[in-house]
Amino acid sequence: MELIRDRDASVRRTAAEALGKIGDPAAEPALVQALHDPEPAVREAAARSVARLPSFGEATTHQLISLLKDPEPPVRRAAAMGLSGAEENSRHVRAIGEVLTSPDPDFRRSASHALLYLEDPRGLATGALSQGAKDPDPAVRQWALAALAEIGGQSAVPVLMDRLLHDAVEAVRVEAAYRLGFVGDESVVDELKRVVEKETSATLTGWVGKTAASLTKASGFDSGLPPDPPAEPGPSHRSP
């Protein structure tokens, strides 16, 4: 905790990383201070280390939410992942939802990414994520679909199907197909098979076919060989 205030930024970063590995709750104030460090690498390390603490307070959660608007992408990603350790709180979900309406697409990406990790048992974020699934930025749409499927369950199916059928970007369509494999049911299988029949992209038809097969458990349905995994956030993180 003394070294996290060192003049050398590399020492501060290493100290922040070490505090996360130790995982002592007493390190929380020092790590929160490091979230405001002038060096981005230190802020990133502090955000990741906060998530490794057994628990942290509401004030710390709000500090992480503020970092979703950090100018540096690695810091924003670390803050989003850091929020995975936060206890569910309706104010937290609403605060992240407000970031999801930011005019800056980078901030909107960070917000939808964060909601992927923050539990939302009351479903407070589903409306914002449904809107995010139609965001002008494809990466926002992709993260929003991933988060919506994680926290919305079967209520996400209509949005996932809409993006699978109508989105203009293949990575977003693949994300929708992949997530349907976890929250869909047999009611969407016929539509999935029609997608396989008419599409020409091997990557898309491969993922749609795998999802259809997993939902029906029909051994006679040939989904083809496993396709190359698409871009984050979906199958590249959890390839079937």
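Which residue forms a salt bridge with Arg91? It's Glu58, and the closest N and O atoms of the two sit 2.5 Å apart. Keep in mind as you look around that this is a predicted model.

Let's stay with that pair for a moment. Arg91 belongs to helix α6 (residues 90-99) and Glu58 to helix α4 (residues 58-66), so their bridge ties together parts that are 33 residues apart in sequence. Neither end is hidden away: Arg91 has 46% relative accessibility, so it counts as partly exposed, and Glu58 is partly exposed too, with a relative accessible area of 34%.

The general idea is simple: side chains of opposite charge can pair when their charged atoms come close. Take Arg109 and Asp137, whose side chains meet at 2.8 Å, N to O. Arg109 lies in helix α7, while Asp137 is in the loop between α8 (126-132) and α9 (138-152), so here the link spans parts that are 28 residues apart in sequence. Arg109 is partly exposed because its relative accessible area is 29%; Asp137, at 13% relative accessibility, counts as buried because the cut-off is under 20%.

Next, move along to Arg141 and Asp167, which form a salt bridge at 2.7 Å, N to O. Arg141 is in helix α9 and Asp167 in the loop between α10 and α11 (170-183), so this pair connects parts that are 26 residues apart in sequence. Both of these residues are buried. Some bridges also share partners: Arg76, Asp106, Arg109 and Asp137 are joined into one network that way.

Helix α5 (residues 73-82) packs against helix α7 (residues 105-117) at an angle of about 25°, with the axes 8 Å apart. The crossing is right-handed. By class, the contact has 5 nonpolar, 2 polar and 3 charged residues.

One last stop is Arg163, in helix α10 (residues 157-166). Is this arginine buried or exposed? Arg163 counts as buried, because its relative accessibility is 12%. Leaving out residues up to four places away in sequence, Arg163 touches Ala133, Lys134, Leu145, Val172, Arg173 and Ala176.

How values were computed. Residues numbered from 1 in each chain as written. Predicted model: local features only at pLDDT ≥ 70, side-chain atom pairs only at ≥ 80, totals over all residues. Heavy atoms only, no water. Helix = DSSP H or I, 4+ residues; strand = E, 2+ residues; numbered from the N terminus. Buried < 20%, exposed > 50% of the residue type's maximum accessible area, 1.4 Å probe, protein only. Contact = heavy atoms within 4.5 Å. Axes fitted to C-alpha atoms, helices over the stretch in contact; angles between N-to-C directions. Left-handed = near helix turned anticlockwise from the far one by under 90°. Nonpolar A, V, L, I, M, F, W, Y, C, P; charged D, E, K, R; others polar. Salt bridge = Lys/Arg side-chain N within 4 Å of Asp/Glu carboxyl O.
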